[in-house]
Amino acid sequence: MEEVIFKFQQQTWHLSAGKALYWQEEKALVLSDLHLGKSAHFRKAGIAVPAGLIQEDLFRLQQLITRYHPEKIIVVGDLFHSSENNDVQYFRLWRQQFPHIRFELVKGNHDIMPADLYTTLQITVHDTLTLRNIHFIHEPCETTEANGPYVFSGHLHPGVILAGGGRQRLRLPCFYFGKSCGILPAFGRFTGLATLAPETNEVVFAIANNSIFKITVD
């Protein structure tokens, strides 16, 4: 998977086309909105969804772990999708491959399983998390205090529209870096996109298949 190295907020970020970033100074993989178990909830309700989504998402995460060798993984909300189901049990088995990696979960609106279940999965749950003047919270911020920490969030599943000739329009997931708040792409495949309209002083990196590239905002 292609990556872009981005120096921002006096930190070094490896932005991956795998929809996660590696924070070099903290030796941490940072991602958001896996929604593990969502497909199982849909199948239980009788709604047909593609098989193997959780396996594909966790295999992609495993590839990133193999590439970056993180000491911890920071999930900025919605690791799971509501109540426990078979997909959560699959994650339990997958997690056993990496007992040495700390999982730090910033609680999202869908992370509503019992506290003891997170404990058995070796996941530390936070309402918010601040490291090196970088603040993580699930739902996006609008403004922050002057000289306060830079905020990363998830929740929105951000996307950006690229326009081409012949009225062609392509909507792609993206990393969004605003003046005081950034938004991470949804890591899970079984998620939608919320289209952003970035301003000229904001930075956006779009993701297309295994490629990642910076968008110039006019």
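Me: Which residue in the turn of the E3–E4 hairpin has a positive phi?
Reply: A quick word on the ground rules: this is a predicted model, where local features need pLDDT of at least 70 and side-chain atom pairs count only at pLDDT 80 or more, while totals for chains, interfaces and linings use all residues. Residues are numbered from 1 along each chain as its sequence is written, and side-chain values use heavy atoms, with hydrogens and water left out. Helices (H or I, at least four residues) and strands (E, at least two) are DSSP runs, numbered from the N terminus. E3 and E4 form a hairpin with four residues between them, and the turn residue with a positive phi, about 50°, is Lys 27.

Me: In E4, which residue is the bridge partner of Leu 21?
Reply: Two strands count as paired if DSSP finds at least two bridges between them. E3 and E4 run antiparallel and are joined by three bridges. Within E4, Leu 21 is partnered by Val 30.

Me: And in E5, which residue is the bridge partner of Val 30?
Reply: On this side, E4 and E5 run parallel, joined by four bridges. Follow Val 30 across to E5 and you reach its bridge partner, Ile 74.

Me: Are the side chains on the faces of E4 buried or exposed?
Reply: In a regular strand, side chains alternate between the two faces of the sheet. Here Ala 28 and Val 30 lie on one side of E4, with Leu 29 and Leu 31 on the other. Buried means under 20% relative accessible area, exposed means over 50%, and partly exposed is in between (1.4 Å probe, protein chains only). Both faces of E4 are covered, and these four residues are all buried.

Me: Which residues does Leu 61 contact, beyond its neighbours in sequence?
Reply: Contact here means heavy atoms within 4.5 Å, and Leu 61 is one of the residues with the most contacts inside the largest core. Leaving aside neighbours within four places in sequence, its partners are Leu 29, Leu 31, Ile 73, Trp 94 and Phe 187.

Me: Which residue meets Lys 72 in a salt bridge?
Reply: A salt bridge is a side-chain nitrogen of Lys or Arg within 4 Å of a carboxyl oxygen of Asp or Glu. Lys 72 is buried, with a relative accessible area of 6%. Its neighbours beyond four places in sequence include Lys 27, Ala 28 and Leu 131. At 2.7 Å, N to O, its salt-bridge partner is Glu 26.

Me: How many residues apart in sequence are the parts tied together by Arg 189 and Glu 56?
Reply: The closest N and O atoms of this salt bridge are 2.0 Å apart. Arg 189 sits in the loop between strand E13 (181-183) and strand E14 (194-195), while Glu 56 is in helix H2, so the pair ties together parts whose separation in sequence is 133 residues.

Me: About how many helical turns separate Asp 57 and Arg 60?
Reply: These two form a salt bridge, with their closest N and O atoms 2.8 Å apart, and both are buried. Because they are three residues apart in helix H2, their separation is about one helical turn.

Me: Within what arc do the buried residues of H3 fall?
Reply: The buried residues of H3 are Asp 87, Val 88, Phe 91, Trp 94 and Arg 95. They line one face of the helix because, seen down its axis, they fall within a limited arc (taken from the directions from the helix axis to the C-beta atoms). That arc is 115°.

Me: What share of the protein's residues is buried?
Reply: The protein has four helices and 16 strands. Its 218 residues include a buried share of 52%.

Key:
A nonpolar core is a set of buried Ala, Val, Leu, Ile, Met, Phe, Trp, Tyr and Cys residues joined through side-chain atoms within 4.5 Å.
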